[in-house]
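This report walks through selected features of one protein structure, moving from aromatic rings to helix packing and then to individual residues. Please keep the sequence and the structure open beside the text while reading.

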Amino acid sequence: MAQLDFIQNRLGDDLAEMNSIISRFLTTPNALMNEVVTNYLKIKGKQIRPILVMLSAKMFGGVNEDVLHAAAALEMLHNASLIHDDIVDDTNVRRGVPTVNALWGNHIAVLVGDFFVSNALAAGIKTGHLSIIAALSDLGKELSIGEVDQICNARGHAFSEEAYISMIRKKTASLFMNCVRMGAEAANAPEEYIPALVRYAELLGLCFQIKDDVFDYFDSPEIGKPTGNDLREDKVTLPLLYALRTAPAHIAEPYKEMLRAGNLTDRQISELIAFAKDNGGIEYAFDMMHSMQDEADRTIAPLPDSQWKEAFREIFSFIISRNK
């Protein structure tokens, strides 16, 4: 966490102002909505996404009001997706505290999530950049399609690494990509530099999700979800996909049949996790992440050198090494 803590400290004033903007947008005359939102905002995540907005702006000028509103918009849209995900997955705890749906029920949670989406668009409008408003709209569609792709992959039992990468690109990496694009555009960055930064963020987002999925194969109180939770939701992630693809057919096929049958027991989940580990799935996931990191380094090498460019590299290292 030291790498991220250092970056957060350097951006402390900007992050505080962005959080004030979020609070102002989400304040209403409705007492119940205010209570739910205030309770939710007490527990902040790592705020990696708005940090990416600000870092990309810092590389090409600085953080202005447009950048702060773009960061606020993306953070609200991200939180809306988390609130809705918790409803879909029937999640009761996130970041160590009860979810909105656990405290208030699905009806209120859906409305609160929608409220966050609407205010994300309102914050985007404040920037005056039509490209940022369009990006927020496209991002909302991409996140939704990514979630539906995940459901389709689970129901279709594709066991396809290509389908998995495509899904996490929409579900996770698309948000990272839009963070740097919107930050750079709000800071009036030279157009020729933006594609490299967006590709860097895409690789970073893919790594973020792969590492998140690796957590599912290990017990850790810091992570905040039980081992095998993805498998309980019929989600087959990269380590297991690799094992199913590379293990001898007579060994892999019974596990595929187990997954196709669904309704996995705790014992079956333990067997699948052991199978993925024993057949190199975890090592493969880390090899892929390090390969993506190497490509990302090459991608931003031509961009102007600065402390903020180095901060991007530090975040990539943090993503791979983080323990929660």
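## An aromatic pair in the interior

F312 has a relative accessibility of 2%, and because residues under 20% are classed as buried, F312 counts as buried. The model discussed here is a predicted one, and a search through the whole of it finds seven aromatic pairs. In one of these pairs, the ring centres of Y200 and F312 are 5.8 Å apart and the ring planes stand at 80 degrees, so the arrangement is edge-to-face. The two partners come from distant parts of the chain, since Y200 belongs to helix α10 (residues 194-215) and F312 to helix α16 (residues 307-321), with 112 residues separating them.

Y200 is buried as well, with a relative accessible area of 1%. The two rings are also part of a cluster, in which ring pairs link Y200, F312 and F316.

## A stacked pair between two helices

A pair of aromatic rings is described by the distance of the centres and the angle of the planes. For Y255 and F275 the centre-to-centre distance is 4.2 Å and the planes are 20 degrees apart, and this aromatic pair is stacked. Here too the pair links distant parts of the chain, with Y255 in helix α13 (residues 249-261) and F275 in helix α14 (residues 266-278), 20 residues apart. F275 counts as buried, its relative accessibility being 4%.

## Packing of α4 against α16

Two packed helices are described by the angle between their axes and the distance between the axes. Helix α4 (residues 48-59) packs with α16 at an angle of about 155 degrees, and the axes are 9 Å apart. Because angles over 145 degrees count as roughly antiparallel, α4 is placed in that class relative to α16. The crossing of these two helices, α4 and α16, is left-handed.

On the α4 side the contact is made by I48, I51, L52, L55, S56, K58 and M59, and on the α16 side by W308, K309, A311, F312, I315, F318 and I319. By class, the residues of this contact between α4 and α16 divide into eleven nonpolar, one polar and two charged.

## Packing of α2 against α3

Helix α2 (residues 12-26) and helix α3 (residues 31-41) have axes that come within 10 Å and cross at roughly 165 degrees. The two helices, α2 and α3, are therefore roughly antiparallel to each other, and their crossing is right-handed.

The residues that meet are I22, S23 and L26 from α2 and N34, V37 and L41 from α3. Sorted by class, this contact of α2 with α3 holds four nonpolar and two polar residues, and no charged residues.

Most residues other than glycine have a negative phi, and most peptide bonds are trans.

E161 is located in helix α9 and is buried, with a relative accessible area of 18%. When residues up to four places away in sequence are not counted, E161 touches L238, L241, R245, Y284 and M288.

S317 has its place in helix α16 and counts as partly exposed, at 28% relative accessibility. Leaving aside neighbours within four places in sequence, S317 is in contact with Q3 and Q293. S317 and Q293 are 24 residues apart in sequence, while their C-alpha atoms lie 8.1 Å apart in space.

Technical notes:
Residues are numbered from 1 along each chain as its sequence is written. This is a predicted model: local features need pLDDT of at least 70, side-chain atom pairs count only at pLDDT 80 or more; totals for chains, interfaces and linings use all residues. Side-chain values use heavy atoms; hydrogens and water are left out. Axes are lines fitted to C-alpha atoms, for helices over the stretch in contact, and angles run from 0 to 180 degrees between N-to-C directions. Helices (H or I, at least four residues) and strands (E, at least two) are DSSP runs, numbered from the N terminus. Angles under 35 degrees count as roughly parallel, over 145 as roughly antiparallel, 65 to 115 as roughly perpendicular and the rest as oblique. A crossing is left-handed if the near helix is turned anticlockwise from the far one by less than a right angle, and right-handed if clockwise. Contact means heavy atoms within 4.5 Å. Ala, Val, Leu, Ile, Met, Phe, Trp, Tyr, Cys and Pro count as nonpolar, Asp, Glu, Lys and Arg as charged, and the others, Gly among them, as polar. Rings of Phe, Tyr and Trp (its six-membered ring) pair if their centres lie within 6.5 Å; planes under 30 degrees apart count as stacked, over 60 as edge-to-face and the rest as tilted. Buried means under 20% relative accessible area, exposed over 50%, partly exposed in between (1.4 Å probe, protein chains only).
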